[in-house]
Amino acid sequence: MEKQRYERPLIQKLENNMPNKFGTRTESAPMTHIDDVAVKDLMDKYGSPLFVISEKTIRTNIRKARKAFETRYPKVQFAWSYKTNYLDAVCRTFHQEGSWAEVVSGFEFDKALNNKVDGSKIIFNGPDKTEDDIKKAISNNALIHIDHLDELYSIQEIAGEMKKKARVAIRVNMDTGIYPMWDRFGFNYENGQAWDALNKIMRSEVMVLEGLHTHIGTFMLSPNAYAVAAGKLADLAIGVKDKYQHEIRYIDMGGGFASKNSLKGTYLPGSDMNPSIDEFAEAIASTLINSNFPPDKLPLLILETGRALIDDAAHLLGTVISNKRLSDGRRTTIIDVGVNILFTSFWYDHKITPAQPFTQYTENTVVYGPLCMNIDVIRDNINLPLLNKDDHIVIQSVGAYNMTQWMQFITLRPPIVMIDPEGEVHVIREKENLDRLLEFENVPEHLKDFTL
Amino acid sequence: MTIKNDIAISDSGFVFAPGTGESFTVNPIGAEIIQMLKEEKSVEQISERMLEKYNTDATTVEKDVNDFISMLRHFSLIEMND
Ligand SMILES: Cc1ncc(COP(=O)(O)O)c(C=O)c1O
């Protein structure tokens with residue numbers, strides 16, 4: 001007789017207030033395939049843990065986002081936010097879809113150049129641009145988004161020495177009714193800092209004011225905040241036109257649209273709650289169109305959307321190491337995915353789905369990573385089907401920030417594969433190995449030998 | 001170790017403890033184990049039966065059966081009489 005599939009025995013007390021209306025929603029089906037490739041085959045071949053990116057999903061997401069804006073506004077340009085995920089394969093997928101590059105460091109700038117992005121289509125943001133970075137940006141005709149006055153003066157000086165005009169914009173921060181207000185980056189709108197910077201640029205012989213930029217926050221849930229921000233940038237642009245007869249070529253609304261992930265501490269899943277890209281597009285486009293720009297003089301609208309385009313295009317596969325109980329009887333499951341490779345578990349309640357069939361029985365579980373540290377909690381309370389040791393799990397929507405903010409800690413970082421639209425699997429970042437890591441280290445001569 | 005003899009278990013995995021008025025749910029494997037405990041089977045006998053019937057290994061069964069019994073004890077559904 002063939003043996004039946006094993007499931008660990010479970011007993012749960014029925015509380016008076018059960019079943020709980022919220023927070024008990026679980027998966028009804030295992031996630032056995034990603035883009036028609038079997039999760040089991042991927043793990044057999046590439047090991048565990050494993051990041052899996054869907055090229056098809058990236059392309060669908062950017063096309064949908066472009067459509068949302070292009071059907072509402074005549075001139076739209078996306079710029080891929082490198083820090084969100086700067087794997088070359090990911091960046092080049094976005095560049096093939098027409099996105100420019102948005103970078104915030106010399107390293108990212110070099111990565112974009114290496115990806116064959118024309119310098120004039122690189123937007124250089126951020127508060128930390130070295131003299132060398134500024135020189136490189138000017139000689140490549142990049143768009144430099146000035147963050148503070150010290151940077152403005154440096155550009156003035158360097159462009160003067162180079163005898164080459166710098167193409168610049170300023171980053172503007174403002175009150176959009178959102179708390180906390182991101183006022184540490186750029187020049188403030190309300191207190192006149194922004195106008196002060198604009199006047200300095202307009203009086204400069206070596207800077208050309210190309211655009212106005214803002215990035216009002218990240219994981220924003222309010223389309224209206226974007227309407228307020230777009231209105232204030234439009235005001236500044238029209239003010240510059242009135243005062244200097246200078247036309248600003250673009251308005252860059254930054255990134256920040258919420259993805260469909262669920263923020264920690266919210267009851268309803270993000271997939272039900274968070275505004276769609278169409279709602280953000282509507283808020284921004286209608287504000288610009290209804291502002292005082294003459295209809296034939298609308299500026300180019302640039303968007304630096306990051307997480308909303310990539311989060312759901314990547315999954316992290318992992319394996320159950322052990323099931324345990326805490327001293328108070330709570331169930332815990334240890335998996336081989338730690339917070340060092342899943343940084344976003346500090347912000348999100350990531351959805352975790354078993355990769356093999358399961359029954360309807362579930363148990364409230366704390367999911368821990370394998371690091372020997374108390375902070376290594378992937379989910380502090382999730383209603384999970386009964387997983388056995390060695391079972392596989394799929395952690396969903398991990399595409400943004402994890403593959404750039406991850407840390408090499410205790411173990412080696414896992415490989416990353418990308419499934420192309422034809423279902424072909426490509427290793428786009430190899431698993432780390434000891435030899436490569438040791439290449440960075442030097443042992444002083446007197447420390448080479450010892451006896452124990 | 002014996003399971004309290006007034007514990008009632010239904011086919012659908014509903015467990016009722018008349019002594020306290022508390023109710024519980026169990027999954028099919030949990031129900032099987034309670035049934036075997038009622039028949040005064042030993043932990044070894046229970047584990048053997050699981051290994052015969054299910055696609056698993058001795059370590060997993062030993063760990064899970066002990067864990068299940070510790071939960072029964074936690075819910076005061078069994079009495080230690082030795
Ligand atoms: C200037 C700028 N643009 C774009 C982004 C991308 O933001 P998001 O991933 O929230 O869309 C960021 C991220 O913080 C940013 O700082």
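1. Contact here means heavy atoms within 4.5 Å. On that basis, 11 residues of domain 1 of chain A are in contact with 11 residues of domain 2 of chain A.

2. This is a predicted model, in which local features need pLDDT of at least 70 and side-chain atom pairs count only at pLDDT 80 or more, while totals for chains, interfaces and linings use all residues. Residues are numbered from 1 along each chain as its sequence is written, chains are lettered from A and ligands numbered from 1 in the order in which they are written, and side-chain values use heavy atoms, with hydrogens and water left out.

3. Chain A is divided into domain 1 (19–53 + 312–434) and domain 2 (125–305), with bounds that come from an automatic or database domain assignment. The C-alpha centres of domain 1 of chain A and domain 2 of chain A lie 36 Å apart.

4. Around the ligand there are 16 residues, of which A:Thr218, A:Gly256, A:Glu304, A:Gly306 and A:Tyr401 come nearest; a residue is counted if one of its heavy atoms lies within 4 Å of the ligand.

5. A polar backbone atom of A:Gly256 is 2.7 Å from an oxygen atom of the ligand, a polar side-chain atom of A:Glu304 lies 2.6 Å from a ligand nitrogen atom, and an N or O atom in the side chain of A:Tyr401 is 2.6 Å from an oxygen atom of the ligand. Taken alone the ligand exposes 390 Å², and the protein buries 93% of that, with accessible areas from the Shrake-Rupley method with a 1.4 Å probe.

Terms used: A polar contact is a pair of N or O atoms within 3.5 Å; within protein, one must be able to donate a hydrogen and the other to accept it, and residues adjacent in sequence count only if both atoms are side-chain atoms.
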